[in-house]
Amino acid sequence: MIPTELLAHPFGQTITLTQLAATLDAAASWEAKNRLLVQLSRQLPDWPAEYKTADCKVSGCESQVWLRQDRSADGHWQVAADSDSRIVKGLLALVLTAYHHQPTNAVQTFDFEGWLQARGMQRFLTASRGNGLRAIVQTIEKQRQ
Amino acid sequence: MFDVAAFKQQFPLLGHYPELIYLDNAATTQKPRCVLDAERAYYETSNANVHRGAHRLAVAATEAYEGARDTVARFLNAASSDEIIFTRGATEALNLLANTVGMLLSPGDEIIVSTLEHHANLVPWQMLAERRQLSILPLGITASGEIDLAELATFLARPRARLLAISHASNAIGSIQDIQAICDMSRQHNCLTAVDGAQAVAHLPVDVQALGCDMYVFSGHKVYAPTGIGVAYIHNKLLQRIPPWQGGGEMIETVAFSGTRYATPPGHLEAGTPPIAQAVGLAAALTWLAQQDRAALLAHETALHQQLEDGLRAIPGVVIHGQAAHKLSLSALTFGHVHPYDVAQFLDAQQIAVRVGHHCAQPLQQALGITSSLRISLAAYNTADDVARCLAVLADTLDMLN
């Protein structure tokens, strides 16, 4: 079970991908998108140190990323994540919007990379050694198989 | 007086992106037009395979390739061109050393590797140590980020210490080592010295005979030359004793199923068709660099670096790692709770290119107690405006993220 305090965020429930797409598309420059990611990161809870254990660390990122995932009793995937980088944490907010609190059969085919590309944010994918976004999404999908 | 604008104009990429502030020069430098022209001219007028062909183009190609070897020998002041072996880069050169010179070591022998080393000057030795039952002695650094010479003396006094692997200058924090003094110490204990010069060659004059090192390696692409070409200098006395490593064409004298005779050094260390055009590009870069007033280039870089570190010290929350007395024009930074990756993203949004991460020097990052840093590294085409702009955007970014 994921501690409830780690799940206290709006992504995937009150904030949807459609809303985020509109906000990101309105932020025209890289600078504006970076600022938006930092703002989004502030709505994700900072994990207390005791939850940042090695077993939930995602490797392949130059920043540190922790991710926990579980199925709730009502058949939804619960995802919580944190990072020591604000930008990566903002990207995690996007990932959680796509994957958190979704019905267990819903998000298997979601094209997150295509969604990011449509926002003009493919640089976060190609620079994957820096932010590990691909590794994060792959970890989520693999754990669901 | 060094004219940075005229110097910068020689770099087509920098002309292509007039707004770009390229401060990732320790990763790779941009290339002057003459280097690009030399590679293209080689393909347009001299392209053939080297050493074997019985036709005039093959002669031209061989002359170009062997001429490049002569140019490298002059650049390093090697006693002979035969002491120059072409590789894909510094990494392959270090692997070559581990697989050839390393074979002269016996089980139980010790290799001293400094904590400053790039993984390329550690992992090949570790792999060798595992295969040959050798030990690695990790050589510590001082608080300012220089080699701990007292510990080096202790290690060298050990009866089985046979080889010292050390960088001329650190890629991660910029410390420049007194290689000449270190080689002297090493030689007194009959210990071989392999110097990783990847970061040094673009900035410092290198004279392998004056330094007294047994081996010296570097990559072309960090000294204004193309990727895919590097150099291993091996002192002739050592070169004559070492076995080949990669087998194939070019490195043999005669081949038969009953036994193969290898080519004489350095040919026995270059198997297969070599990177000919890249060697030509490297020679063009080194020739071009030798024509510059290198003292003026270095003085310009040093002045920019002074401007950079003075500016960095005035920005609250910036920690500069590495305070060696002699430093390359690079600065490794952390920012307290602000992650270097985030800072780099905001710099990138303003077209300022820097590097973030462990810089392939994880043991050093562990010694410094950090997991990631942001590295600003300068080259002679950078300007005072580049530095001022970087400092301003950095200050704004930290202000916003804090």
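Contact here means heavy atoms within 4.5 Å. With that in mind, welcome to a tour of a predicted model, starting at Thr397(B), a residue of helix 15 (residues 384-401) of chain B. Leaving aside residues up to four places away in sequence, Thr397(B) touches Val343(B) and Phe346(B). Is Thr397(B) buried or exposed? Its relative accessible area is 5%, and buried means under 20%, so Thr397(B) is buried.

## Helix 13 of chain B

Both contacts of Thr397(B), Val343(B) and Phe346(B), are among the buried residues of helix 13. This helix covers residues 340-349 of chain B, and 9 of its 10 residues are buried, so it is largely enclosed by the rest of the structure. The buried set is made up of Pro340(B), Tyr341(B), Asp342(B), Val343(B), Ala344(B), Gln345(B), Phe346(B), Leu347(B) and Ala349(B).

Have a look just past the end of this helix, too: Gln351(B) takes a positive phi there, of about 65°.

Strand 15 of chain B (residues 373-377) has 5 of its 5 residues buried, so the rest of the structure largely encloses it. Which residues lie on each of its faces? Ser373(B), Arg375(B) and Ser377(B) are on one side, with Leu374(B) and Ile376(B) on the other; both faces are covered.

Two antiparallel pairings can be followed from here. Strand 12 (residues 330-334) of chain B is joined to strand 15 of chain B by 4 bridges, and the two run antiparallel; in this pairing, Arg375(B) is the bridge partner of Ala332(B). Strand 14 (residues 355-357) of chain B also runs antiparallel to strand 15, with 3 bridges between them. There, Val356(B) has Leu374(B) as its bridge partner.

Rolling a probe the size of a water molecule over the atoms shows where empty space is left. How many cavities of 30 Å³ or more does a search of the whole structure find? The search finds 1, and the largest cavity holds about 50 Å³ of space.

Its lining consists of Asn25(B), Ala26(B), Gln199(B), His203(B), Leu328(B), Ser329(B), Leu330(B), Ser377(B) and Leu378(B). By type, these divide into 4 nonpolar and 5 polar residues, with no charged ones.

Strands of a sheet pair through backbone hydrogen bonds, either parallel or antiparallel. In chain B, 7 strands make an open sheet with mixed pairing, in the order 2-8-7-6-5-3-4. Strand 2 (84-87) and strand 4 (135-139) of chain B stand at the edges; each has a single partner strand, so one side of each is left without a neighbour in the sheet. On average, neighbouring strands of this sheet are turned by 20° against each other, direction ignored.

For one pairing within this sheet, take strand 6 (residues 192-196) and strand 7 (residues 215-219) of chain B, which run parallel and are joined by 3 bridges. Ala194(B) stands opposite Met215(B) of strand 7.

## A buried loop residue

The last stop is Ala263(B), in the loop between strand 10 (259-262) and helix 11 (276-291) of chain B. Although it sits in a loop, Ala263(B) counts as buried, at 14% relative accessibility. Apart from residues up to four places away in sequence, Ala263(B) touches Glu250(B), Met251(B), Ile252(B), Glu253(B) and His268(B). Pro244(B) is 19 residues from Ala263(B) along the chain, and their C-alpha atoms are separated by 9.2 Å.

Methods:
Residues are numbered from 1 along each chain as its sequence is written. Chains are lettered from A and ligands numbered from 1 in the order in which they are written. This is a predicted model: local features need pLDDT of at least 70, side-chain atom pairs count only at pLDDT 80 or more; totals for chains, interfaces and linings use all residues. Side-chain values use heavy atoms; hydrogens and water are left out. On a 1 Å grid over the protein atoms alone, a cavity is a set of points where a 1.4 Å probe fits but cannot get out, and a pocket is an open set with protein on both sides within 12 Å along at least five of seven lines; lining residues have an atom within 4 Å of a point. Grid points are joined across faces, edges and corners, and a volume is the space filled by probe spheres set on the points. Ala, Val, Leu, Ile, Met, Phe, Trp, Tyr, Cys and Pro count as nonpolar, Asp, Glu, Lys and Arg as charged, and the others, Gly among them, as polar. Two strands pair if DSSP finds at least two bridges between them. Axes are lines fitted to C-alpha atoms, for helices over the stretch in contact, and angles run from 0 to 180 degrees between N-to-C directions. Buried means under 20% relative accessible area, exposed over 50%, partly exposed in between (1.4 Å probe, protein chains only).
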